[in-house]
2 protein chains.
Amino acid sequence: MKALLCGFGNVGRAFAEMIESFPDITLSGVVTRKGLMLGKNREFKTHREVSVLEAFHEIKPDIIVDTMSANYKDGEPSYSLYLSALNEGTAVITVNKAPLSLHYSEIVNASKKHNAFLGFQGTVMSGTPSINLRRIMPGQISQIKGILNGTTNYILTRMYEGLDYDNALREAQEKGYAERDPELDVNGFDAAAKITILTNVFFNTSKTIKDVKFEGIKGINSSLIKEKKEKGIKMKLVAKSNGKDVSVTLSEINENEPLYSVDYVTNALEIISEIQNITIIGPGAGPKNAAYGALSDLHIFRGKMML
Amino acid sequence: MKALLCGFGNVGRAFAEMIESFPDITLSGVVTRKGLMLGKNREFKTHREVSVLEAFHEIKPDIIVDTMSANYKDGEPSYSLYLSALNEGTAVITVNKAPLSLHYSEIVNASKKHNAFLGFQGTVMSGTPSINLRRIMPGQISQIKGILNGTTNYILTRMYEGLDYDNALREAQEKGYAERDPELDVNGFDAAAKITILTNVFFNTSKTIKDVKFEGIKGINSSLIKEKKEKGIKMKLVAKSNGKDVSVTLSEINENEPLYSVDYVTNALEIISEIQNITIIGPGAGPKNAAYGALSDLHIFRGKMML
């Protein structure tokens with residue numbers, strides 16, 4: 001089987017290494033904004049100055065793996081690539097949140113219509129099972145609830161420990177947990193994109209990020225956090241959905257709630273049904289983690305799920 | 001497709017109801033120690049006074065679902081039933097821990113040899129994904145670690161809150177969290193059976209329960225728990241494995257460990273690899289929960305895992 005890797009940043013490079021554990025899959029090329037590199041190499045070399053879509057038509061892969069960065073304007077070039085690929089029965093595995101938070105139903109419908117595999121574990125909580133949990137948890141869900149953004153959770157944890165917002169943000173940037181421009185994390189947009197995707201998966205809906213009411217933690221006051229702490233409460237940025245109302249809100253969490261002990265960059269997802277209430281906790285970001293998310297999808301696509 | 005349900009206690013009855021969500025599956029019969037009931041009925045009626053194995057040969061099902069109680073002497077009659085079924089290519093779904101903790105490799109080999117589905121999510125943590133998590137989490141694992149027995153965790157939690165052992169046990173019995181004869185729970189045997197199965201799944205080994213060093217919490221002293229509490233430590237019965245050493249030990253858990261906040265009858269499993277450390281928390285018992293575990297297996301067997 002031939003794979004085309006899209007994007008060659010930290011996640012793409014980590015994935016290119018991991019894919020070697022699948023001897024039946026050949027990495028036939030890597031495409032970035034610079035063009036197409038044929039075969040595999042540690043350093044990127046441009047062999048053809050072509051677009052992502054042109055690279056797809058040249059390589060004719062059985063699988064595309066998208067590790068390109070999110071473009072929330074229109075999800076391109078990934079969105080068009082997915083539709084072209086799925087329409088030809090090519091499997092799509094992605095860690096890129098933008099196309100699925102903007103055009104979920106179009107992409108999923110193309111996958112179903114052409115019976116082409118679509119995997120996107122890495123878009124939410126990276127390698128910590130979230131999307132893929134749904135594959136092994138059938139039945140009706142009443143609510144999902146999670147801490148889906150590591151940057152804001154880190155800042156809130158450090159503020160709980162006594163820092164003010166500016167210092168906590170600066171520290172997060174120094175440690176590589178926040179980007180130089182942290183806007184999409186601290187304003188809640190990143191968490192909103194993720195809860196959009198989760199909602200569609202767990203409630204079989206066609207939401208887009210425009211359906212999500214979200215707030216962030218920008219400039220939040222230390223005194224609020226201190227005041228709540230004295231009452232045994234932590235403030236967390238909680239993404240929540242019941243399939244109808246989808247939101248990201250700065251919320252009070254009590255000591256007996258599963259999300260209470262989810263601190264620093266750790267993420268968590270609570271899945272609530274009539275039968276049970278389960279919580280999964282794990283890292284929500286990191287190049288190897290996201291690559292592992294894509295690898296998990298590949299594992300499922302290759303039918304390796306039997307024990 | 002035809003299913004034969006084995007056992008008609010609380011789990012079996014709950015499963016018989018849930019299976020109605022699979023319109024392509026017919027419950028052709030229910031077999032218990034009393035014999036075989038043909039078709040489905042709320043109250044058990046004996047239509048044939050036959051053994052489990054004879055019932056299997058009469059019904060010729062595509063799937064057997066075992067909800068019978070655990071027989072740790074030799075795993076019978078389930079063990080022979082599984083081998084007969086798998087040898088004929090019949091799928092086996094079970095929530096019965098005994099056969100798999102005694103004869104794991106024989107059963108799994110029969111499943112592989114005849115390409116017959118084997119699902120056993122319900123044997124560990126009931127409906128909270130544990131066994132089935134491995135299906136969506138490929139790659140090497142360094143360690144697994146969990147609270148796998150609800151009875152002992154309930155007793156330890158209540159002792160942490162101030163009760164002594166006898167009162168905590170009595171309360172657990174009154175609430176239905178402990179059996180009248182609690183021996184297999186409080187001596188650590190139940191957790192040992194579960195960590196045996198998990199070890200085999202996560203490390204691809206052929207352990208039996210005889211390979212597990214286990215201890216329980218019988219008659220544990222309140223003063224020990226109180227003393228540790230003052231140091232910020234909780235005592236938990238932790239099942240642990242790295243694929244070589246498999247144990248169940250009364251362990252000190254610190255506030256910053258994921259298992260610290262797992263209290264009362266809740267169970268949890270930590271899965272540690274080079275890439276990530278994830279924890280799943282949820283109920284570990286209950287008729288509906290175990291039945292849901294079996295239902296999850298059925299979902300996977302029927303190829304319903306695509307999103």
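This is a predicted model: local features need pLDDT of at least 70, side-chain atom pairs count only at pLDDT 80 or more; totals for chains, interfaces and linings use all residues.
Let me now turn to the interface as a whole. On chain A, 36 residues are in contact with 36 residues of chain B. The size of an interface is often given as the accessible area lost when the parts come together. Here, chain A and chain B bury about 3,300 Å² between them, and carbon and sulfur atoms account for 68% of that area. As for polar interactions, 10 residue pairs are in polar contact across the interface, both residues being at pLDDT 80 or more, while the count of salt bridges between chain A and chain B is zero.

Which elements of chain A give two or more residues to the side that touches chain B? They are helix H6 (133–136), strand E12 (277–283) and helix H12 (287–301). By class, that side of chain A comprises 21 nonpolar, 11 polar and four charged residues.

Strands of a sheet pair through backbone hydrogen bonds, either parallel or antiparallel. This one is an open sheet of six strands, in the order E3-E2-E1-E4-E5-E6, with mixed pairing. Its edge strands, E3 (35–38) and E6 (118–119) of chain A, each pair on one side only. Strand E4 (residues 63–66) and strand E5 (residues 91–94) of chain A run parallel and are joined by four bridges; Val65(A) has Ile93(A) as its bridge partner in E5(A).

Terms used. Residues are numbered from 1 along each chain as its sequence is written. Chains are lettered from A and ligands numbered from 1 in the order in which they are written. Side-chain values use heavy atoms; hydrogens and water are left out. Contact means heavy atoms within 4.5 Å. Buried area is the accessible area (1.4 Å probe) that two parts lose on being put together, summed over both. A salt bridge is a side-chain nitrogen of Lys or Arg within 4 Å of a carboxyl oxygen of Asp or Glu. A polar contact is a pair of N or O atoms within 3.5 Å; within protein, one must be able to donate a hydrogen and the other to accept it, and residues adjacent in sequence count only if both atoms are side-chain atoms. Ala, Val, Leu, Ile, Met, Phe, Trp, Tyr, Cys and Pro count as nonpolar, Asp, Glu, Lys and Arg as charged, and the others, Gly among them, as polar. Two strands pair if DSSP finds at least two bridges between them.
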